[in-house]
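Here is a short report on a protein chain, from its aromatic rings to its overall build. Look over the sequence and the model first.

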Amino acid sequence: MCGIVGYIGHREAYPIIIKGLQRLEYRGYDSAGIALFDGSDIKLSKTKGKVSDLKEKLEHEISTIGSLGIGHTRWATHGVPNDINSHPHYSNSGDLVIIHNGIIENYDALKKELSKRGYTFKSDTDTEVLVNLIEDVKKNEDTKLGKAVQIALNQVVGAYAIAVFDKNKPNEIVVARLGSPLAIGIGEDEFFIASDASPFIEFTKNAIYLEDEEMAIVRRGKEVKIRKIKNDALVDPYIQELQLNLEQIEKGGYDHFMLKEIYEQPEAILDTFRGRLRSKEAMVKLSGVEDNMKKFLAADRIIVVACGTSWHAGLVSEYIFEDLARIPVEVEYASEFRYRNPVITEKDIVIAISQSGETADTLAAIKLAKSKGAFVFGVCNVVGSSIARETDAGAYTHAGPEIGVASTKAFTTQITVLTLMALRLARAKGKISSSEFRHHLIELELIPGKVEEALKSDAYVQTISDIYKGATNFLYLGRGFNFPVALEGALKLKEISYIHAEGYPAAEMKHGPIALIDEQMPVVVIATKKGHYEKVVSNIQEIKSRKGKIIGIVTKGDKSVKALADHVIEVPETIECLTPLLTTIPLQLLSYHIAVMLGKNVDQPRNLAKSVTVE
């Protein structure tokens, strides 16, 4: 949510910043802006709309000369999306300029106090309040910009990642974070600032990730100086070598990042279990589990906390953990968990799932769980992210960058990690025989190839999409392990096509949703041969008798559903607990093709952000 890019060095800043903003478009935004320092003054341009709109406006509006600059893509919180509310924002004097990701919760009280002191505000944003607060401190305390930022942030309640500079001291940028990610790229006599490393990956492989409540002064010709915002303590910078490469964040010939990421799933799943699973040796090894096995074996229950697609992966894991390892599991929305005074003890394991590792509600749930003494295990995709640092232990999914806002490979790789965990614990607890354990490992090793086979349905899914692209409602049904897949399929369609869709357990259809079924209602039914197949077939017969349009997701070679459904999409056969890794593939393709046919922005759907770093 929101994107930050900054540069200070020996190159022209504008090309780096505009390209960086384009790389951060996946985060979701509604306006964009850039401020450049040309050696004498700050040149600023901003607009409602896309980075392409900004580029067109800026190049006709201001000079692009300058080796210092900051840029921003905004996702509106305070104030509607428009040119005025877009970032960057000036202070009243025009000396300071700031970009900000997050929310200043006490901005109204601060604004009223600053108004009494004669400050005026052009925008409705909390960010303009913050830059004037910094200016007020700088003026009244007669201090340098870095110290003024520190003092001001100690008066702020909320979350932020900021970059601010002073035109009277154009050799430095001051940055700070609390709750929103911020990375500093370290080059030769140059520095890059961004929400993640993608804007500067071709320039440097060295980066510092600020921790919460840290600020840094980034100055040409000097080493980066990091301090704690609360107590001014110096922090020794930890410079990481980035594993990301440029090819991973380009489309690679695909029309959209989402389609590219759907097709990357065979390799992503393989990368997720590579080195962790050896079927010939009947071995699963996840260091975060092995190092804390006593805690896992002594746990009374597992609580999964997550949001959105990650929550659906958590629901799949509930079935897997309980079925294989016989451990009670509760799956909670992180946003609800943190506010409902949950019962948590030292005997609980909390598994926090997040693609980005920066989800605000999930981070808050982690802090709550740790305060109650629970052991917290993180499952995320982004190395060095906040969740990776805040949890007691964890496992990366190794899915590679996911740029499309609608998660695809994040979902399947999360399920893969959680399945590995469940199998390892099942074996450690003696809940699964050695032969069954080995059989599960062999089947999991075969999944990447079976996902490739499932992807061959793409052309047929496209044909089905063309038939139903005009539908205004969809119903998705599944049972057992595939009930969460029905929820995920409905979410994907909602996210990118804006068609209303609902997922239900198939058995619940007759308890309400059946009233919606008529000849205008497409119903997607997951009906693999494993599990409650005969009962799902009965549900399909109930739909057919009410003239609903049936799209069946079936095991290859199925005949019963084929005789009833209007369309069937086949997936390869596998053991029941692994079927979600296959049945989700045609549902991702269905949502993608319908959205494309409707002319929607597949990678950047309206109102959505990739990484939700505020409540």
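## Aromatic cluster

Y7, F192, F200 and F203 come together as one aromatic cluster. The model is predicted.

## Aromatic pairs

The chain's aromatic pairs number 10. One of them joins W311 and Y333. The two rings are stacked, at 4.0 Å centre to centre and 10° between the planes. This pair links distant parts of the chain: W311 sits in helix α10 (residues 308-325), Y333 in strand β19 (residues 329-333), and 22 residues separate them. W311 is buried, because its relative accessible area of 12% falls under the 20% cut-off. Y333 is partly exposed, at 40% relative accessibility.

Y319 and F481 make a tilted pair. Their centres are 5.7 Å apart, with 45° between the planes. Y319 also belongs to helix α10, while F481 lies in the loop between β23 (473-478) and α17 (483-497). The two are 162 residues apart, so this pair too links distant parts of the chain. Y319 is partly exposed, with a relative accessible area of 30%. F481 is buried, at 7%.

## Overall build

The protein chain holds 20 helices and 27 strands. Its radius of gyration is 26 Å, close to the 25 Å that the globule rule gives for 615 residues, so the chain is as compact as a globular protein of that length. Along the principal axes, the C-alpha atoms fill a box of roughly 80 × 55 × 45 Å.

Buried residues account for 60% of the 615. Among contacts between residues at least 6 apart in sequence, 71% join residues at least 24 apart.

## Surface and charge

The accessible surface is about 23,500 Å², and carbon and sulfur atoms supply 47% of that. The chain carries 75 positive and 82 negative charges, whose mean positions are 2 Å apart.

Note on methods. Residues numbered from 1 in each chain as written. Predicted model: local features only at pLDDT ≥ 70, side-chain atom pairs only at ≥ 80, totals over all residues. Heavy atoms only, no water. Helix = DSSP H or I, 4+ residues; strand = E, 2+ residues; numbered from the N terminus. Rg over C-alpha atoms; globule rule 2.2 N^0.38 Å. Buried < 20%, exposed > 50% of the residue type's maximum accessible area, 1.4 Å probe, protein only. Contact = heavy atoms within 4.5 Å. Areas by Shrake-Rupley, 256 points an atom, 1.4 Å probe, with all protein chains shown as cover. Lys, Arg positive; Asp, Glu negative; His and termini not counted. Charge placed at Lys NZ, Arg CZ, Asp CG, Glu CD. Phe/Tyr/Trp six-rings, centres within 6.5 Å; stacked < 30°, edge-to-face > 60°.
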